Amino acid sequence: MRGPQARPSPPLPLKGWRAVTLEDWSDWTRDEWTGTLRRVRRAGLNPVALAMPDVPTLNTGRALGLGVRLARRAGLDVVVTFGAPLTLESLPSRVTAGLQASGALALLPGPLPDSSLRTAQAIRVLRAAQPLPLVTEGAPVRTEVRAMIAGTVTDASSVGTITASAAFRLPAAPRLPWKQARFLEAASALPDRGWLSPSLDALTDTGGGLTPLGRALLRR
C-alpha cells in the first residue's frame with residue numbers, strides 16, 4: 001500500500017509580503033492574540049509569521065491552532081516558520097506543525113542545509129505528509145523537487161532576478177543610534193519585493209503606529 005504522494009505546489013505571490021515574525025506565543029491568551037493581531041493589522045502588515053519554539057510546550061499546538069483561527073478572522077494570513085535546518089530527522093515537528101496550523105498560508109520548514117538527495121527526500125516527504133505549501137530558504141532546491149516549492153526566501157543582500165514568488169528576510173535592526181540611520185537608509189533603498197521582518201516592535205509602537213523603520217519599509 002502506497003503512502004501519501006507529494007503534490008506540485010502553485011507559486012505563492014510572495015512579492016506582496018509585508019510579513020512580521022511573532023515569537024514566544026505558546027502561552028498567549030485569546031486577549032493577547034487579539035491585541036497583537038489588531039496591532040499588526042493596524043500597521044498594514046501581512047502575513048503573520050509564527051516562529052515555532054525550539055522546544056514546544058504542551059500548549060504550543062493549541063496556541064498555534066488558535067492563532068491561525070484568530071488571524072484569519074482578523075483578515076490576516078499566517079505562515080509557520082522554523083529556524084533550525086530541515087532534515088529527515090526534523091520532519092516529525094514540521095509535519096505536526098503543518099497539521100496543527102490548518103488554514104495557514106504556508107510552512108517555512110527551516111533553511112535547507114544542502115542540495116543533497118536526503119534534503120530532496122525531506123522536501124518530498126514533508127510536502128506529502130501535511131497540507132501547507134512549502135517556502136524554502138538556504139541551499140538551492142534540486143530540480144526534481146522544485147515543483148513542490150511554492151516560494152523562496154533569501155537574504156536581503158542577495159542579488160538576482162526578482163520573481164513574484166520570492167521574498168527576502170530582513171536582518172534585525174541595530175540598537176546603536178549611530179548605526180540606525182544607515183540601516184534606515186538601506187531599508188528605504190531595498191527593491192520593491194516581499195519581505196519578512198524579525199520583530200513587530202521594530203516596525204510598530206504598542207498602538208500600531210509605525211516606527212521610522214516601519215515607515216521606511218512600507219514607503220510611508
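**Helix packing**

The model is predicted: local features need pLDDT of at least 70, side-chain atom pairs count only at pLDDT 80 or more, and totals for chains, interfaces and linings use all residues. Residues are numbered from 1 along each chain as its sequence is written, and side-chain values use heavy atoms, with hydrogens and water left out.

I took helices (H or I, at least four residues) and strands (E, at least two) as DSSP runs, numbered from the N terminus. Helix H1 covers residues 30-42 and helix H2 residues 60-73; they pack at about 40 degrees with axes 10 Å apart. The axes are lines fitted to C-alpha atoms, for helices over the stretch in contact, and angles run from 0 to 180 degrees between N-to-C directions. The crossing of H1 and H2 is right-handed. That word applies if the near helix is turned clockwise from the far one by less than a right angle, and left-handed if anticlockwise.

Which residues of H1 meet H2? I noted Arg30, Trp33, Thr34 and Leu37 on the H1 side, against Ala63, Leu66, Gly67, Leu70, Ala71 and Arg73 of H2. Contact means heavy atoms within 4.5 Å. I sorted this contact into six nonpolar, two polar and two charged residues. Ala, Val, Leu, Ile, Met, Phe, Trp, Tyr, Cys and Pro count as nonpolar, Asp, Glu, Lys and Arg as charged, and the others, Gly among them, as polar.

Next I checked H3 (residues 91-100) and H4 (residues 117-129). Their axes come within 9 Å and cross at roughly 30 degrees. H3 and H4 are therefore roughly parallel to each other. Their crossing is right-handed. Leu91, Arg94, Val95 and Leu99 of H3 touch Ala122, Val125, Leu126 and Ala129 of H4. I counted seven nonpolar, no polar and one charged residues there.

**Pockets**

I used a 1 Å grid over the protein atoms alone; a pocket is an open set of points where a 1.4 Å probe fits, with protein on both sides within 12 Å along at least five of seven lines, and lining residues have an atom within 4 Å of a point. The largest pocket has a volume of about 280 Å³. Of its 19 lining residues, Thr136, Glu137, Thr152, Val153 and Thr154 are the closest to the centre. Strand E6 (149-155) gives the most to this lining, with seven residues. The lining has eight nonpolar, seven polar and four charged residues.

The second largest pocket holds about 240 Å³. It has 15 lining residues, and Ala51, Thr81, Phe82, Gly83 and Arg169 are the closest to its centre.

**Backbone**

I found a cis peptide bond from Asn46 to Pro47, with omega near 5 degrees. Pro47 is in the loop between H1 and strand E2 (48-51). Asp24 is not a glycine, yet has a positive phi of about 55 degrees. I placed Asp24 in the loop between strand E1 (18-22) and H1.

Note on methods:
Points joined across faces, edges and corners; volume = space filled by probe spheres on them. Parallel < 35°, antiparallel > 145°, perpendicular 65-115°, else oblique.
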